[in-house]
Amino acid sequence: MNGSKKWVIKNQDESLVETLASSLDITKITAKLLINRGYTDIQRAKDFIDKSDSFLYDPFLMKDMDKAVERIESSIEKHEKITIYGDYDVDGVTSVSVLYMYLDKKGACVEYYIPSRDTDGYGLNNEAVKSIAENGTKLIITVDNGITAIEETKYIKSLDMDIVITDHHQCREELPGAYAVVDPQRNDCRYPFKSLAGVGVAFKLICAMELASLNRGKYDVSVVKDMCRRYIDLVTIGTIADVMPLVDENRIIVYMGLSLLQVSDKPGIKALFEAAGIDVSKKITSSVIGFSIAPRINAAGRISNASRAVKLLLSDSKEEAEYLAEEFCIINKERQDMETAIFIDAIRQIEENKMDENDIVLVLSGENWHHGVIGIVSSRITEKYNRPSIIISFDTCKDGEKNGENIGKGSARSIKGLNMAELLSYNAELLEKYGGHELAAGLSIKRGNIESFRKHINEQARNILGEKQPEVTLEIDAEIDIAEVNVHNIEDISLLEPFGSENPQPLFSIENAKISDMVLLSGGKHTKIVLSSDTADISALFFGVNLEKEGIGVSDIVSVAGSMNINEFRGERTPQFICRDINLVKHYSDEIKESRQYFESIMLGKDFIKKEDIPVRAEFASVYKFLLSALPYGSGPVSIKRIAAECDISYIKIFCIIHALYEGDIIKYDRISDFNFRITIMPTEGKSDLTKTEIMKKILNQYR
C-alpha cells in the first residue's frame, strides 16, 4: 500500500472559497468540495445543497413512453398475460420488483422471468422466449435489458407476442423492432437526464402509467411524490448498486430513497437490514446500500437464482423474508470465497506473464471460474492496477480438452478515458456477443479468439491513451489538518450527500502526522492508529490492511489519504478518519539516526541547537520518572522510541536529557544499538542542577 498511488490534490481559489463559505454559511472545507464539483456560482451551489437543482422529470419526455403505456394498459384491460423479463443483477431484480408490484396492484395478469446467469446468459434468448410464449404470454416487458435484442424481438413477434423494451444501456445504430423502445440513451430521445438505472426507467414507466390513469398523462407533482413514497426505496437500491452517477435526477431519487429505506415497511427490506446487522436507527448511507445490502441481493443472481431475490423483495411475510434474507447472507459468503480464489488466480497470471508491464487492458481467462463473480473480480483487478480488465471464464469440455470453439463468458471494467463499450464494438468480429456501458460491459468469445482479441484491444487502447501506462491515481479534494477532523466539519460536509459515482465521498490528505498508537484488529485484518500533531490527535482506521506487514509502526511520520466520518457508540459521537492510502514520510529509525547525528554535531560544536529543541525542566523530570518506572531493578535496556512515546518529546531532546543525566551522575548509559540505551540509575541525594552539566551549558550558551 505504501506509495502505491499517485495523489492528485486539488487546489481552489481562496477568494472563491471565502465567498462561498460566507454566502452559504458553510465551512471552508465544504466550500472547497463544492468548487471541486463545479459549483462555483452561489445560487447553483445553494440549489445543490438544498437538493432543488432538479426534480423528477416528466416521464412522457421519453421517446415511446406513450406507446408503452398504451400497450400495457391495453393488456390489463384485455386480461392478457404479461411477462416481465428482467436481469439477474440488483438493478434487474429491483426493476422486476417495482414493475411487478405496480402491475399486480393494477389487477394485471403478470408474471416475471429472470434468466439464469449460467444457462441463459444476459438478456433475451429464444429458448426462454419460447417457453414464455407457451405459457400464454401476449406481452413481454423487458427491464434493464433488451436494447440490442434485434433478432430476439423478431422471434417474439413471430410467436404472436408484442414486446415493450425498457432499458438504460447504450444503443446501437439499429434498434429492435419492438412495439415501444423506452431508453433515455436513444439518440432521438429528448429526456433531459440520460443516466438513469434500469430500475429508474422502470419507475418512470409506472409513473407514466399512474399519470395517465389519474391525470390524463399531464405531469402532476403530487402523483409523482406518491409514487416515490411507494417505490423509491427499491429504485434507490438498484440505482446505487448499478453505480449510476449520483447527480441530477439520480441524486434526488437516492436522497429521498435513503430516508424511506430507514422506515421501509417492506418485509424483505427490513429482513435484509436485520440479517446484514444494519441498525436502521442510525443514518442509512449509499455506502451501506452499496457494500452491505446490494451484495446480498446480487449473490442470489451470481451463484444461485435471482428469482429468489425478487421473491424476497415482493414478500408480504415476515417469516419468509427473514428466511430468505439469511439464505442470501450464506450465499454471499460463498460468493466472497469464490471471488477471493479467482482474484488470487488472476493476480498470479498477471505477475507470471508480466502483463502489468506490457498491457494497458488486462485480458485474463480461466477454467471454470464462476460466471457470477468474475465481474467483481474484474472490478478489483481494475482498482488494483488502474487498468481496464476483462475476466473470461471457459467451461472445460467434457473430454477435458480446451476446444478452440469453446465459448467463454466475460465481464469487463474500465477506467476514465477508455470507453469499454466502444472498445468492444471495435472488436465485434472477434466476439460472439457484447454490450454494456462506458465503464462496465459483458461479452462472450471463442477460446481460439482470445489472443487476437488481447492484441487488438491493447493496440486500440494505446491509440487512445498513447504508450504511457495509466497511473494509479487518487484524487484528493483538499489537504487538511488533524484538528479539522471534527464533528462540525463532518456534519457540514453531509450537506452534499448522497455520495456516489460523480459525487464521490470526499477524500482528504493529512500530511506529516505522527503515529502515536497502533492496534491490530480482527487478528491483523484491519489496523487502528492514532495520528498526532502539535495541536490534535485523531483515530484513524485502515480496513483490510495490516500496517505492521507494510513496515509501518508507532512513531513513524506518515501522510494519509481518506475520508471523515462520525463514529456513534453508546450515545457518543466522535470523529474518525477512514484511510484509503498511506505514504511513509519518515521511519522512526531514520528520525532517530538524524537526531543522533544532530546531537553529535552539537556536542562537537559543529551545529547550533534550535530553540524549540532545548529540553525544559518538566521534560527532564518526565524522562527521569519514566526511567524509574521502566527499570524497577535499577538497570536494563530502554528503547528510545518508547521514551519518546511515553514522555511525548522529540528524539533530539531525549539524547540531550540522557546525556545531561549522565553528566549529572544521575545515570550511567551505553548505547547498545541505534535505537536502544542500556541505563543504570545511580543512587542520588537531593536535587541536581542539570543546567550546570557540560551539555546543557554548551546548549544554553548558544543563546546568551
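Cys207 counts as buried, because its relative accessibility is 3% (buried, under 20% relative accessible area; exposed, over 50%; partly exposed, in between; 1.4 Å probe, protein chains only). The model is predicted: local features need pLDDT of at least 70 and side-chain atom pairs pLDDT 80 or more, whereas totals for chains, interfaces and linings use all residues. Residues are numbered from 1 along each chain as its sequence is written, and side-chain values use heavy atoms, without hydrogens and water.

The count of disulfides (cysteine sulfur atoms within 2.5 Å) is zero. For Cys207, the nearest cysteine sulfur belongs to Cys228, 6.2 Å away. Cys579 is also buried, at 8% relative accessibility.

The whole structure holds 10 aromatic pairs (ring centres of Phe, Tyr and Trp, the last by its six-membered ring, within 6.5 Å; planes under 30 degrees apart are stacked, over 60 edge-to-face, the rest tilted). Among them is the edge-to-face pair of Tyr669 and Phe677, with 5.4 Å between centres and 85° between planes. Phe677 is buried, with a relative accessible area of 1%. Ring pairs join Phe677 and Tyr669 with Phe599, Phe655 and Tyr662 in a cluster.

Charged ends also sit over rings (NZ of Lys or CZ of Arg within 6 Å of the ring centre and within 35 degrees of the ring normal). Arg172 lies over Tyr434, 4.5 Å from the ring centre. Arg380 lies over Phe343, at 3.9 Å.

Ile464 is partly exposed, at 45% relative accessibility.
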